[in-house]
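Biologist: Please go through the model with me, chain by chain and then across the interface.

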Amino acid sequence: MSLPAATSQTVGPFFSIGFTWQNVDHLAPAGVSGERVKIVGCVLDGDGQPVPDGIVEIWQANSHGKYAHPEDTQEKPFEKGFTGYGRVPTDEEGRFSFTTIKPGPAPGPDGPGGEKTLQAPHIVVSVFMRGLLRRLVTRIYFPDEPANTSDFALNKVDPSRRNTLIAKRIDSGSGSLQWDVILQGPNETVFFDV
Amino acid sequence: MANIVGYRRPREGTQPPHLHPAYRSSIKRAPQKPLVYLPHTLSEITGPLFGPEASNVKACDLTRQHSGEPLGERIIVSGRVLDEDGRSIPHMLIEIWQANAAGRYLHKQDQHDAPLDPNFAGSGHTLSDAEGRYRFVTVKPGAYPWKNHHNAWRPAHIHFSIFGPAFATRVVTQMYFPGDALLPFDPIFNCTADEEARNRLISLFDWETTIPEQALGYRFDIILNGREATPMESNHGGKR
């Protein structure tokens, strides 16, 4: 190891001029299989004020639990037209939303006896904004998902905070889920060191 | 999918803390609870990749995006995308954005009383080539005032965003210019404790890429997290 990885710096307040061209809020065009979900949320600061200059990036597997990436060597189908990448800015009220499909379960770390495990369906998330010198990393999990109880990442989190990672159903008919990013305070979202 | 090979964590002191009170905006936005350490899984060692459609001549030459030429000092910013072991990383998306030569961003929230340039939008993107090299043509951004503290001025900088090969390697940083008198006073530049890591944010003036009569060259290599060691690695020793 001869060179240290680049030091992170804030995106500042004006990142939209660099990012907008590659923003994606609809990840799953027609023909992509899977349960459609719309995820809406809000980014709130330590005063509970909305963050109007944030950006949320997501990465997820397809409905079979396969990532569109050469290091995913699982024998599972690709979904043509589904990359698993999304990026959405927050609006003046700190809100963001994206429409995607619920990912399938991806492999987790091997168990203590070398047995294979699966992670619960989840989306990995990077959050950037003015005031953040480095990105925040978190995960979105899904409600009513039995696999959540055995998910290795959720089990690394204090039980009282796990609910910050699990989206809430806001309208059972439409499939809309709510998942907020709370930067500080008693309900602070769990952020991961990756 | 056994034996996931993760990416290395940052070396001590080489990344900024979330809370850096001298940078006032961090006070209400930095998380207060400790981060939860997560070993890398397939979710972190994969990440979005972008194909050749993400690269075009206009997108990497910020001086050719309008009918006329922008004002300012024309520069060439080039370098390589490398990992911590010095291996080049090809085909990586790099996005940049910056103020114009007068220190003004083409953004509705930028209220700095400096002129916009109708021939400069200040954003671009490209992919690193097969050897990890990239190159942008642009103009040197101006310094500009901000409200962080009395008489606060940001040193001239260009924002860089790189996804890298995996979710774990995603980084957004800023490139500065050598000899900028504002650097010692800038809380954002100075947020990182490790001086060597900090100074790597400063590009190097480069005669080799300077074009006579046309543009000054600055070199800025982008180093991404290296890979954890694995027993398999000896089999791939030839790649170096």
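Predicted model: local features only at pLDDT ≥ 70, side-chain atom pairs only at ≥ 80, totals over all residues.

Biologist: How many helices and strands does the secondary structure of chain A come to?
Modeller: From the N terminus on, the elements run α-β-β-β-β-β-β-β-β-β-β. The secondary structure of chain A therefore comes to 1 helix and 10 strands.

Biologist: What percentage of the residues in chain A is buried?
Modeller: A residue counts as buried if 20 or more other C-beta atoms lie within 10 Å of its own. Of the 194 residues in chain A, the buried share is 46%.

Biologist: What is the radius of gyration of chain B?
Modeller: Chain B has 3 helices and 12 strands. The globule rule gives 18 Å for its 240 residues, and the chain comes close to this, so chain B is as compact as a globular protein of that length. Its C-alpha trace spans about 55 × 40 × 30 Å along the principal axes. The radius of gyration is 19 Å.

Biologist: Which share of the contacts in chain B with a separation of 6 or more comes from residues 24 or more positions apart?
Modeller: Buried residues make up 42% of chain B. Among its contacts with a separation of 6 or more, the share from residues 24 or more positions apart is 71%.

Biologist: Which strands are at the edges of the open sheet of 4 strands in chain B?
Modeller: The order is S4-S3-S8-S9, with antiparallel pairing. An edge strand pairs on one side only. The edge strands of chain B are S4 (123-127) and S9 (171-176).

Biologist: Which residue in S4(B) is the bridge partner of Trp97(B)?
Modeller: Strand S3 (residues 93-98) of chain B is joined to S4(B) by 5 bridges, and the two run antiparallel. In S4(B), the partner of Trp97(B) is Ser123(B).

Biologist: How do the residues of the side of chain A that touches chain B divide into nonpolar, polar and charged?
Modeller: In chain A, 58 residues are in contact with 68 residues of chain B. Helix H1 (16-19), strand S5 (122-129) and strand S10 (192-193) of chain A each supply at least two residues of this side. The residues divide into 30 nonpolar, 17 polar and 11 charged.

Biologist: Which residue in S1(B) is the bridge partner of Phe192(A)?
Modeller: S10(A) and strand S1 (residues 36-37) of chain B are joined by 2 bridges and run parallel. The partner of Phe192(A) in S1(B) is Val36(B).

Biologist: Which element gives the largest share of the largest nonpolar core?
Modeller: This core has 98 residues, and those with the most contacts inside it are Val125(A), Ile140(A), Ile162(B), Ile222(B) and Leu224(B). Ile140(A) touches residues including Ile39(A), Val125(A) and Trp179(A). The largest share, 6 residues, comes from S5(A).

How values were computed:
Residues numbered from 1 in each chain as written. Chains lettered and ligands numbered in written order. Contact = placed C-beta atoms within 7 Å. Nonpolar A, V, L, I, M, F, W, Y, C, P; charged D, E, K, R; others polar. Pairing = 2+ DSSP bridges. Rg over C-alpha atoms; globule rule 2.2 N^0.38 Å. Buried ≥ 20, exposed ≤ 12 C-beta atoms within 10 Å, placed from the backbone. Core = buried A, V, L, I, M, F, W, Y, C linked by C-beta atoms within 7 Å. Lists of a residue's contacts leave out its neighbours within four places in sequence.
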